[in-house]
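Please keep the sequence and the model in view while reading.

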Amino acid sequence: AIRNLSHHKARTLLTLLGVVVGISAVVALISLGSGLNNSIEEQFEQLGPNRIFIAQNAGGGFRGPPSGGITLTEDDLEIIKRVNDVESAVPFLQKALPVKFDDESVVTFVGGFPSDETEKFFSDIQTFEIDQGRFMKDGEKSVVVIGSRVSTDMFSKDVSVRDTLKISGKNVRVVGIMKPTGAQDNDNAIFMDIEALRDVTGDGDEISAIMAKASENPAATAQKIEDELEDFHGDKLFVAYTSEQLVEQIGQIFSIISLILAGIAGISLLVASFGIINTMLMSVLERTREIGIMKAIGATNKRILLMFLTESAIVGFIGGVMGVVFGYSMSFSLASIGVGFLGVSLTISIDPLLVAFVLAFSTIVGVIAGVYPAYRAAKLDPIEALRYG
């Protein structure tokens, strides 16, 4: 079978190309989706299992900082702090604001925390660590801590500790620079005192989200928080999620996305199967006399059928192997590009189950595509086949 395929190298390679493209797309899309999911899960797991996130109810899901409508306030924060088993609760305000450095101006996210709780809050979260300088101190209203990309990539000139930025017209001094976190949103962010940020934006006591820490049983504590807020407002305006619940929800979303992407990539495999059918039909036509000779000297229909099915299976399998190699090569390359240019960290790993699945799938596609050509070859009349050509 391998020798027969090698007789028409160009045609076999073009047929393989269709399978390679399809399998590469499946492997790359699934592994990239899985890598992004793993990276997000790792970030949430670093927060610790006893963390609870409270934010606006977005119709059954955690959306983060609200875009409008009713928001959390200081009253809600006090209610949450009084809930049993809540060890601490830190408010967070996030706004997209113009930031100016020298003569350059950009719009980026500015996050506000109580300055007296900032160091403790960030020290509890392993993702955030100071690279240069320090955190804000209690009472400091005109200082900021910036993400790594704000320091090196956001402006043509690097921003250093003690430099001055202008946020919505307010001058602030840089006292600290974060280490890279691998998440672009975090590395592009600027952090300042929440009251100072409210003064800049005029948002009163608005809070985008609250991060609470449970002393025990985070899931039960999250439910208590939801119930207390619902009693206070008379409606379920806000939701509370534990870090484990968020990881689970994100995993479900990415599973659906990966399935959809794999289905889209599978269309190219369908096209590739037609290429295999065409190649095998041409092979049957060109080898009609050879088939006649084989039958004349005793080859059975089953033997002829198996020979052509083996050839199509080999095309599918080799295409699958090449597709796995190219697919993972693309994934690792795109992951490197993501870190280098976008600041997005993707944890790509070779999944043996995915490799086994796509190899089996590509081989089965090859066999199925070869059934009709093999059947035609097996049913050839030996006398008519010997007259051919």
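Which residues line the largest cavity?

## Basis of the model

This is a predicted model, in which local features need pLDDT of at least 70 and side-chain atom pairs count only at pLDDT 80 or more, while totals for chains, interfaces and linings use all residues. Residues are numbered from 1 along each chain as its sequence is written, and side-chain values use heavy atoms, with hydrogens and water left out.

## The largest cavity

The largest cavity is lined by Asn4, Leu5, His8, Arg11, Thr12, Thr279, Met280, Ser283, Arg287 and Glu311; a cavity here is a set of points, on a 1 Å grid over the protein atoms alone, where a 1.4 Å probe fits but cannot get out, and lining residues have an atom within 4 Å of a point. Helix H1 (2-6), H2 and helix H9 (243-286) each give two or more residues to this lining, and H9 provides the largest share, with three residues; helices are DSSP runs (H or I) of at least four residues, numbered from the N terminus.

Glu226, Leu229, Glu230, His233, Asp235, Lys236, Leu237 and Phe238 line the second largest cavity, with the largest share, four residues, coming from helix H8 (residues 218-233).

Key
On a 1 Å grid over the protein atoms alone, a cavity is a set of points where a 1.4 Å probe fits but cannot get out, and a pocket is an open set with protein on both sides within 12 Å along at least five of seven lines; lining residues have an atom within 4 Å of a point.
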